[in-house]
Amino acid sequence: MTGQSPVGVRPVGVSSQPTQPVATIGQFLSLLRRRLTAVLACVFLGLVLAGALLVHTPNKYQATAVVDVSPIFGTSSSTTSTSNATAVSTITETRIATSTSVALIARRTLGFQGTASQLSEHVAVTSPLDSRVLNVTFTSNTPTGAADGANAFADAYLEYRTTTVQAALKSRVALIGSQVADLERGIRALKPPPAGTDTSQYTSQRNSIQSQIQQLQGQINTYQTSVVKPGQVAGAASVPSAASSPKPSLYLAGGFLLGLLLGIFVAVVRDGRDNTVHDSAVVERSLGAPVLAETVTSGDSSTLAALAAPRSAEADAYRTVATTVASETTSHQVVLLCGAGAVASNLAAMNLAITFADQGLRTVLAGPRAAVEPATHLLAVNPVPQSGRSLLSHQLAASANVPGLSVLSLGDEVSLGATLRANGDNLADVLSTADMVVLDGVNIDFPSTLLRLGHLANEAVVVVHKNQTTSAEVERVAQQLAQARTTVLGSILLNYPSGLRRRARSATPMQSSRPLVDQAGVVSRAGAANDVVPTGGSAPEDRGDGDTDSFSTASATTRRS
């Protein structure tokens with residue numbers, strides 16, 4: 001042995017103190033694996049809805065015309081043109097290009113039947129930074145409509161800009177003309193001085209007014225000779241070859257993400273409502289004790305891993321448990337192996353007993369008759385007597401396959417209390433001859449059986465079935481063991497193959513001879529009803545006839561030994 005555990009076995013932890021649960025990435029991924037069907041169903045639903053939306057969404061086409069914006073107006077002088085160019089604000093021009101005034105001109109060109117506001121909703125104008133370029137994009141249901149709309153808005157913008165500039169020039173020329181007329185009337189109003197007097201003041205006023213008139217006429221000539229430059233269409237919109245929307249990749253990606261989020265939500269909700277044990281942390285919180293070992297088991301009720309495959313991970317898991325149990329004390333010890341949750345048939349008790357025997361310990365596997373009956377062929381043990389009157393020492397049978405291992409039948413579960421009372425001292429003597437006694441509390445039917453076996457045991461190990469046992473079942477077993485005042489050393493977590501489904505124990509062949517039990521846990525045979533303890537109850541210590549129950553004496557004797 002190298003000290004390293006095989007794959008599939010989780011050794012006992014250092015501390016058994018309960019820790020605050022913390023969600024990790026690994027636990028989240030494990031949750032998704034457990035709910036993979038629900039997640040995939042939601043993802044598929046999201047893709048189907050995205051595909052349906054994609055099919056029913058009408059195609060939209062976009063075309064873009066590029067407009068080079070020039071100064072509002074200029075002259076033949078390059079200096080003036082350059083100075084005006086710097087005054088162009090593309091932010092302002094972008095707003096103008098999408099205005100209702102421009103839309104009215106485009107509406108007339110396109111013959112659009114709606115309002116100008118409705119038409120302007122189809123156009124979007126952008127401008128790159130530090131440029132005099134406007135990108136006029138028009139959206140339509142047809143490729144031709146998109147190209148025509150973009151070109152119409154580009155031309156309408158230039159036409160609106162030209163009309164606005166020309167109107168501004170006419171208004172300015174008219175304003176200057178009125179100023180010139182006022183100055184000319186001022187000249188005519190000047191009266192020349194009489195002959196022989198000083199005319200310098202008159203001449204100065206007249207020359208000043210004429211100078212102003214000449215300046216204003218120069219401005220009029222400048223405006224009248226100005227060339228209006230609204231801009232030009234640098235790139236006409238062409239007919240698009242494909243629809244701009246809807247985009248299949250975008251719709252499918254959105255459907256996938258939406259379905260995935262929905263699947264994760266459903267998985268978290270369903271997992272939150274599911275109290276099935278999926279990992280060791282849940283077991284440790286519910287039981288209040290560490291998981292001693294965790295392994296995958298074949299679930300084959302006819303094969304003992306400790307015998308058939310001693311080097312397997314499952315066999316090593318039982319060695320881990322045996323080492324932990326045996327290290328508690330060197331004296332005689334009785335360990336109860338009990339199960340949380342019902343399965344078809346469980347060989348954990350036999351495997352653990354074989355493991356103790358292989359370590360050189362004189363071992364007795366004890367339990368109700370139906371629990372130890374499979375040992376007759378699995379361990380090559382002679383059939384135990386069926387009579388309940390014989391002493392328990394007469395029913396102790398040695399295994400031919402495993403040296404040092406004996407099997408002891410405690411009789412039928414229904415009459416287990418009577419059997420233990422009748423064989424109190426004798427049972428203590430029989431069990432004291434062994435180094436290790438394994439009580440099979442896994443393959444039982446009644447909670448009262450677990451309580452009675454718990455009174456015999458020093459410690460208990462709980463068998464938990466991963467993805468089958470619920471946390472409520474683990475907590476119930478912990479309460480029953482606490483009621484029996486049995487110390488819980490820990491648990492062994494068995495992971496069954498996905499094909500092996502949990503079945504009711506009453507349907508298994510090894511327990512077909514047991515009496516039927518109703519939903520209240522009461523045996524249908526009236527004579528056995530007094531010997532059954534309901535779930536959560538305690539084993540009776542007195543029959544009511546004044547005699548002290550010898551079962552408690554046997555329990556105390558066994559624990560002391």
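A word on the model before we start: it is predicted, so local features need pLDDT of at least 70 and side-chain atom pairs count only at pLDDT 80 or more, while totals for chains, interfaces and linings use all residues. Residues are numbered from 1 along each chain as its sequence is written, and side-chain values use heavy atoms, with hydrogens and water left out.

Let's begin with the inside. The largest nonpolar core has 39 residues, and Leu379 and Val461 have the most contacts within it. By nonpolar core I mean buried Ala, Val, Leu, Ile, Met, Phe, Trp, Tyr and Cys residues joined through side-chain atoms within 4.5 Å; buried is under 20% relative accessible area, exposed over 50% and partly exposed in between, with a 1.4 Å probe and protein chains only. Helix α13, residues 348–358, gives this core its largest share, eight residues. Helices here are DSSP runs of H or I, at least four residues, numbered from the N terminus. There is also a second, separate core of 35 residues, and Val430, Leu439, Leu453 and Ala457 are among its members.

Back to Val461. Which residues is Val461 in contact with, leaving aside neighbours within four places in sequence? The list includes Leu292, Val321, Leu337, Cys338 and Ile492, where contact means heavy atoms within 4.5 Å.

Now look at Ala348, which sits in helix α13. Is Ala348 buried or exposed? Its relative accessibility is 1%, so Ala348 counts as buried. Not counting residues up to four places away in sequence, Ala348 touches Tyr318, Leu337 and Val463. Ala348 and Thr297 lie 51 residues apart in sequence, and their C-alpha atoms are 10.0 Å apart.

On to the helix pairs. Helix α4 (residues 90–97) packs on helix α7 (residues 143–189) at about 110°, with the axes 10 Å apart. Those axes are lines fitted to C-alpha atoms over the stretch in contact, and angles run from 0 to 180 degrees between N-to-C directions. That makes α4 roughly perpendicular to α7, a label for angles of 65 to 115 degrees. Glu93, Ile96 and Ala97 of α4 meet Phe153, Tyr157, Tyr160 and Arg161 of α7.

Finally, helix α1 (residues 25–34) and helix α9 (residues 248–273) pack at about 95°, again with axes 10 Å apart, and are therefore roughly perpendicular. Here Phe28, Leu31, Leu32 and Arg34 of α1 meet Ile264, Ala267, Val268 and Asp271 of α9. Thanks, everyone!

Note on methods: Helices (H or I, at least four residues) and strands (E, at least two) are DSSP runs, numbered from the N terminus. Angles under 35 degrees count as roughly parallel, over 145 as roughly antiparallel, 65 to 115 as roughly perpendicular and the rest as oblique.
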